[in-house]
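Here's a walk through the fold, written to be read with the viewer open. Have a look at the chain first, then follow along strand by strand.

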Amino acid sequence: MHFTDVSGVGEGAVFLIRGEANILFEAGMAYAAAPMVEKIKKELGGGRVDAVLLSHSHYDHVSGLPAVRRAWPDVKVYASEKAGEILKKPSALETIRRLSGEAAEAAGLFWDPDYRDADLQVDETLEDGETVRIGDHEVHAFATIGHTRDSFSYIIDGELMLCSETVGVMGPKGGYMPSFLVDYLGAEESIRRSRAYPVKEIILNHHGPVRERDRARIWDFLQKKLTESREIMLGVMNEHSSDDEALKELERIFHSHVDKKEQPDEAFYINAASMMRTLRRQFPERLLRKA
Ligand SMILES: [Fe+2]
């Protein structure tokens, strides 16, 4: 299957799957939207984008949509029902707009001047396990709850799996970042579900295609990393007398090697605090102190 990384800035953010119908996986950041659209136009040479599949409704995955809709007004955006609901909420749209603006500023990049909240809606919501036809492609959607409650992964034509962040996040240059913000057990279940599909190729979110030689053991690897990071986090939470101190230590362990433009410290702290709450809820017996 023909697919290309069309991220506007950096790599691993947005992928174009070609065919009679052309499908984007994710829409990326608002500040990366203009160069992304240029890249796609170059790839398609006059062709159009027919659909966008969103893995979830976080700002760094959806805020490129206004630019995509401007370039290809007939495009249809697909996501989970839950993502569709979230993207109707004025408070969510407000947060996405604010974070996208802050990210543009932090990156020193131009903010999409024609950004409209109304362009962030989902046109076709999908149910867990639903299969839809998009032109010549068959798209199977399945829930991968864990990073968020609205996370979906997709399989194109039974061959190519597009993963949400729930199964694990590796940067474009490697390095693992735990990302079970709302559900650790859901992340384990999502790895089990994903493993059960015998696909030929796998694209990991924020990373890219899994190399052929790594494919056979990718699910074992992601499960091992997930368990390891849970154990590290529980250990750090038990070793420190406050969550603030635990967060600082977690930043040192997981985030000190990360490009702060890709993920600012504040975003890491918000995510890590969320994972700590999740562990407290799902593994209360492993923790020595309450919040
Ligand atoms: Fe996310």
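Which residue in E9 does Ala141 stand opposite? Ala141 faces Tyr154 in E9.

## The chain as a whole

A quick word before the details: this is a predicted model. The chain holds 10 helices and 14 strands.

How does the radius of gyration compare with that of a compact globule? For 291 residues, a compact globule would come out near 19 Å, and the chain has 19 Å, so the two agree. Of the 291 residues, 43% count as buried. Take the contacts with a separation of 6 or more, and 69% of them come from residues 24 or more positions apart.

For a parallel pair, look at E4 (residues 51–53) and E5 (residues 76–80), which are joined by 3 bridges. Within that pair, Ala51 stands opposite Lys76 in E5.

Now back to the opening pair. E8 (residues 137–143) and E9 (residues 152–156) run antiparallel and are joined by 5 bridges, and Ala141 sits across from Tyr154 in E9. Is E8 largely enclosed or left open? 5 of its 7 residues are buried, so E8 is largely enclosed by the rest of the structure.

## The E7–E8 hairpin and Thr131

E7 and E8 pair in the antiparallel sense, over 4 bridges. In this pairing, Ile134 stands opposite His137 in E8. The hairpin has 2 residues between the strands, and Gly135 takes a positive phi near 60° there.

Thr131 is found in E7. Is Thr131 buried or exposed? It has 12 C-beta neighbours inside 10 Å, so Thr131 counts as exposed. Setting aside its neighbours within four places in sequence, Thr131 is in contact with Glu138, Val139 and His140. Ala27 is another story: it lies 104 residues from Thr131 along the chain, and their C-alpha atoms are separated by 21 Å.

## Two loop residues with positive phi

Two residues other than glycine are worth a click here. Asp157 has a positive phi, near 50°, and its place is in the loop between E9 and E10 (160–162). With 15 C-beta neighbours inside 10 Å, Asp157 counts as partly exposed.

His206 also has a positive phi, near 65°. Where is His206 found? Look in the loop between E13 (201–204) and E14. His206 is buried, because 23 other C-beta atoms lie within 10 Å.

## Where H8 meets H10

Last stop: a pair of helices. H8 (residues 218–239) and H10 (residues 265–282) pack at an angle of about 90°, with their axes 11 Å apart. That angle makes H8 roughly perpendicular to H10.

Which residues meet in this contact? From H8 come Arg230, Met233, Leu234 and Met237, and from H10 come Met275, Met276 and Leu279. By class, that gives 6 nonpolar, no polar and 1 charged residues.

Note on methods: Residues numbered from 1 in each chain as written. Predicted model: local features only at pLDDT ≥ 70, side-chain atom pairs only at ≥ 80, totals over all residues. Axes fitted to C-alpha atoms, helices over the stretch in contact; angles between N-to-C directions. Parallel < 35°, antiparallel > 145°, perpendicular 65-115°, else oblique. Contact = placed C-beta atoms within 7 Å. Nonpolar A, V, L, I, M, F, W, Y, C, P; charged D, E, K, R; others polar. Pairing = 2+ DSSP bridges. Buried ≥ 20, exposed ≤ 12 C-beta atoms within 10 Å, placed from the backbone. Rg over C-alpha atoms; globule rule 2.2 N^0.38 Å.
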